[in-house]
Amino acid sequence: MVEAVRTQGLYKRFGQQVAVGGVDLIVPKGSFAGLVGPNGAGKTTTLSMITGLLLPDGGLIEINGHNVWADPVSVKAHIGVLPEGLRLFERLSGRELLLYSGRLRGIPLEETSRRADELLRVMDLVESQDKLVIDYSTGMRKKIGLASALLHNPGVLFLDEPFEGVDPVSANTLTDVLRRYTESGSTVIFSSHVMDLVERLCDWVSVMSRGHIVAQGPLAEVRGDQTLNEAFLDLVGARGSGDEGLSWLGSSGGPR
Amino acid sequence: MTTLFVRLKLRLILGNLRGDLIKQVGFAFSLLAALAFALGGFVLFSLLRLASPDVALNVGIVVFTLFALGWAVIPLVIFGVDETLDPSRLALFPLTTRQLAVGMSAASATGPWPLASLVILAGGVAALADGVGGVLIGLVAVVLQFALCLVTSRVLTTALSGALRSRRGRDVLAVAAVGVLLLSQLPNLLLNRGLPGDPEALLSSAGAVLRWTPPGLAAHAIADGGLVGVADVVVLAGVVALLAWLWIVALRRALVMPDVSNQGGGSVRRSWIDRFLPQGMLGGVAAKELKYARREPRGRVTWFTAIVVSGIIMFTLSGDNGPVGLFSAAGPACLAALMIGIQACNSFGIDGRSLWMNAVAISSERDLRTDLAGRHLAMAVIAVPLLGVISVVAALLAGNAAWAVPAALTAWGVLGVALGVGAVISVVLPYTLPERLNAFSGAAPGQGPLAFGSAFAGFSATSAAALPIVLPVLLGYGWVGVLAVPYGLAVAWAGRRLAGLVGFARLPSILAAVSRAT
């Protein structure tokens with residue numbers, strides 16, 4: 001198995017709180033990998049450290065065999081990133097954002113605009129390509145963010161919550177593009193807490209809880225003979241307790 | 001209901017302070033400042049008693065009017081710091097409009113600054129009242145004046161709340177904040193140029209006009225203390241009641257109007273300037289910076305401020321008793337270059353949370369240098385012609401057009417020095433520019449000292465490094481200006497070099513520092 005991403009003992013602390021406490025993440029090359037976990041499990045922190053946006057306190061990160069922090073030149077050109085929270089250059093139009101992304105990577109302007117036109121068409125953003133990103137809806141932002149992460153044709157793509165707040169139509173476009181991308185042998189790693197989606201898309205799953213990887217492997221292995229959602233709830237230890245208390249809730253009481 | 005709103009406001013103030021020492025210290029200072037203002041304002045205001053009754057009345061009228069204006073404008077400029085100001089947050093609760101109106105005005109009277117202004121206004125009674133009637137009418141008038149302030153501010157924020165929530169409205173308002181800054185400089189300029197006529201005549205003519213405005217009525221009522229005073233108070237009460245009614249109408253409308261902030265804006269034209277910029281990262285960053293200077297309100301505000309302040313300096317220095325000779329041409333141009341160049345001291349601030357996009361592409365010290373060079377190029381594209389124009393105007397004002405040449409050359413040199421210094425400071429002391437720009441703070445909560453340190457280091461280091469080229473020119477050796485541009489370019493290059501060396505390893509910390517929540 002060739003690994004696209006491998007971390008060893010990845011560790012990060014914010015003040016007293018350990019956000020990521022020794023993560024050994026493995027993602028095989030060419031896989032469509034899901035990083036799942038409840039809120040606060042450390043998914044975003046892990047992805048930020050792997051993509052070189054946050055300095056780890058300890059541990060090793062390798063992408064395609066190159067150390068991210070020791071050898072950024074060999075790594076940064078080959079990864080694409082869509083961080084959480086839709087942080088984009090708001091005062092550029094969608095098209096300008098793509099051109100900017102291409103120029104940052106040193107792709108010639110002509111080639112950049114050819115790729116940008118195609119990406120805008122596939123993402124169904126042609127009509128709004130000259131509108132400012134600040135006026136985009138959530139789905140449009142995720143799509144333009146993905147487009148700019150794909151523009152330099154990276155070998156490994158990191159997406160933090162790419163489907164959060166996205167309408168079904170845009171989500172469909174996103175998954176189509178990502179499927180095509182992995183079929184060619186490229187790797188996608190995305191974080192999510194929508195289990196159905198992960199189950200439908202991914203062939204590799206890493207489950208995080210409280211700063212650790214609690215399960216990792218091919219989808220079929222991780223879920224066993226349950227659904228992924230059930231397996232996940234067992235792994236993070238959060239089942240039941242939904243029917244105690246709340247006796248006032250429901251139609252038997254009055255509004256007060 | 002009223003107490004509930006007051007408690008909500010207090011809870012919001014306290015919640016904002018929880019767990020953040022710097023904010024707590026800031027709040028303590030703010031409390032002390034409000035107390036000092038309240039006491040000092042009250043004492044100063046009551047000292048008016050010592051002046052002649054006419055002067056005292058006129059000053060009282062002007063002060064009352066300024067208070068009403070301040071209450072109308074300041075909440076607009078800092079709209080958003082207070083959730084109790086925004087009716088849409090309360091729209092879903094089962095409250096009648098009247099309950100909302102009463103509750104919201106109680107909430108807006110709560111807090112150190114509103115109470116401080118009530119105390120200062122009460123100083124008006126001490127200053128102007130004459131006899132028991134004056135004091136009685138005065139107390140009523142002060143309460144009405146306070147109510148007028150509250151209701152005016154509420155009518156304006158509510159009526160404009162729709163616009164204030166939309167992106168375009170906020171963009172316009174951010175630039176309007178510079179107008180406030182400019183207005184605050186107006187008295188300074190007037191004093192500098194010499195007043196038209198003597199101050200006392202100006203005061204009495206202002207008093208005569210403003211006496212008929214609602215705040216003027218309040219001040220006049222206190223001073224009169226008789227039947228006319230009662231009439232003043234009755235009219236004032238009518239005005240307050242009318243504004244309150246208008247406010248309730250506006251509130252009712254604001255509660256049922258759709259939120260327009262999510263409606264899309266228009267398209268932007270594709271830029272032609274991109275084609276003339278270099279390829280690759282250098283041109284990309286420069287093109288983006290040029291667009292941001294135009295489209296981002298904070299970009300527009302910083303450029304506009306730099307130009308306005310340069311203009312003020314120019315006219316101040318060229319006054320009758322200003323310096324003469326080459327100094328009066330090169331001086332303003334160099335100061336303008338310093339004002340403009342100082343923007344480069346937080347180069348990454350305006351990118352803020354979007355800086356990750358550059359960070360994932362920057363893979364070597366050289367890339368970081370290129371990024372900074374792109375920012376410098378964009379700034380030079382705007383500033384070089386601008387400084388040229390300022391030099392010509394300053395030279396013409398100084399009386400010798402030929403001085404424009406050394407003035408412009410030196411100013412360009414100073415700009416280069418400022419860019420070089422700024423590059424280093426940008427990677428050493430980066431800080432977050434607040435998304436919602438207001439006239440009172442230039443940094444995210446808790447980063448105020450950092451912003452001050454950055455500007456201070458920028459000013460002192462640039463001044464020191466620019467001295468060898470600026471001093472001879474200011475002393476009259478204009479030919480030294482020829483050396484200024486190469487010197488500036490060299491310093492800018494060295495600054496980028498050093499910034500690349502220091503900054504590349506610090507990239508994650510820079511990213512964190514400019515992405516703080518505001």
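Visitor: Is the crossing where α3(A) passes α4(A) left-handed or right-handed?

Guide: Start with the rule: a crossing is left-handed if the near helix is turned anticlockwise from the far one by less than a right angle, and right-handed if clockwise. Here α3(A) passes α4(A) in a right-handed crossing. Before we go on, this is a predicted model, where local features need pLDDT of at least 70, side-chain atom pairs count only at pLDDT 80 or more, and totals for chains, interfaces and linings use all residues. As for labels, residues are numbered from 1 along each chain as its sequence is written, while chains are lettered from A and ligands numbered from 1 in the order in which they are written.

Visitor: And at what angle do α3(A) and α4(A) pack?

Guide: Axes are lines fitted to C-alpha atoms, for helices over the stretch in contact, and the angles run from 0 to 180 degrees between N-to-C directions. The helices themselves are DSSP runs (H or I, at least four residues), as are strands (E, at least two), numbered from the N terminus. In our case α3 (residues 94-104) and α4 (residues 109-122) of chain A pack at about 135°, with their axes 9 Å apart. That makes α3(A) oblique to α4(A). The cut-offs: under 35 degrees is roughly parallel, over 145 roughly antiparallel, 65 to 115 roughly perpendicular, and the rest oblique.

Visitor: What is the angle between α9(B) and α10(B)?

Guide: Helix α9 (residues 214-224) and helix α10 (residues 227-256) of chain B pack at about 155°, with axes 8 Å apart. That makes α9(B) roughly antiparallel to α10(B). Their crossing is left-handed, and by class the contact has nine nonpolar, two polar and two charged residues.

Visitor: How do α11(B) and α15(B) cross, left-handed or right-handed?

Guide: The crossing of α11(B) and α15(B) is right-handed. Their axes come within 7 Å and cross at roughly 45°, and the two helices are therefore oblique to each other. Residues that meet there include Leu282(B) and Val285(B) from α11(B), and Leu377(B) and Val381(B) from α15(B).

Visitor: Where does chain A come in? Which helix of chain B gives the most to the side that touches chain A?

Guide: The contact takes 28 residues from chain B and 30 residues from chain A. α11(B) gives the most to chain B's side, with eight residues. By class, the residues on that side divide into 10 nonpolar, 11 polar and seven charged.

Visitor: Which residues of α2(B) are buried?

Guide: Count the other C-beta atoms within 10 Å of a residue's own, with C-beta placed from the backbone: 20 or more is buried, 12 or fewer exposed, and in between partly exposed. In α2(B) the buried residues are Ala38(B), Phe42(B) and Phe45(B). Those in α5(B) include Ile120(B), Leu121(B) and Val125(B). In chain B, 43% of the 518 residues count as buried.

Visitor: What about Ala466(B), buried or exposed?

Guide: Ala466(B) has 26 C-beta neighbours inside 10 Å and therefore counts as buried. Ala466(B) sits in α17 (residues 448-474) of chain B. Leaving aside residues up to four places away in sequence, Ala466(B) touches Val414(B) and Val417(B).

Visitor: Last one: what is the phi of Glu161(A)?

Guide: Glu161(A) has a positive phi of about 50°, although it is not a glycine. Glu161(A) lies in the loop between β8 (156-160) and α6 (168-183) of chain A, and with 21 C-beta neighbours inside 10 Å it counts as buried. Arg210(A) also has a positive phi, near 50°, but with 16 such neighbours Arg210(A) counts as partly exposed.

Technical notes
Ala, Val, Leu, Ile, Met, Phe, Trp, Tyr, Cys and Pro count as nonpolar, Asp, Glu, Lys and Arg as charged, and the others, Gly among them, as polar. Two residues are in contact if their C-beta atoms, placed from the backbone, lie within 7 Å.
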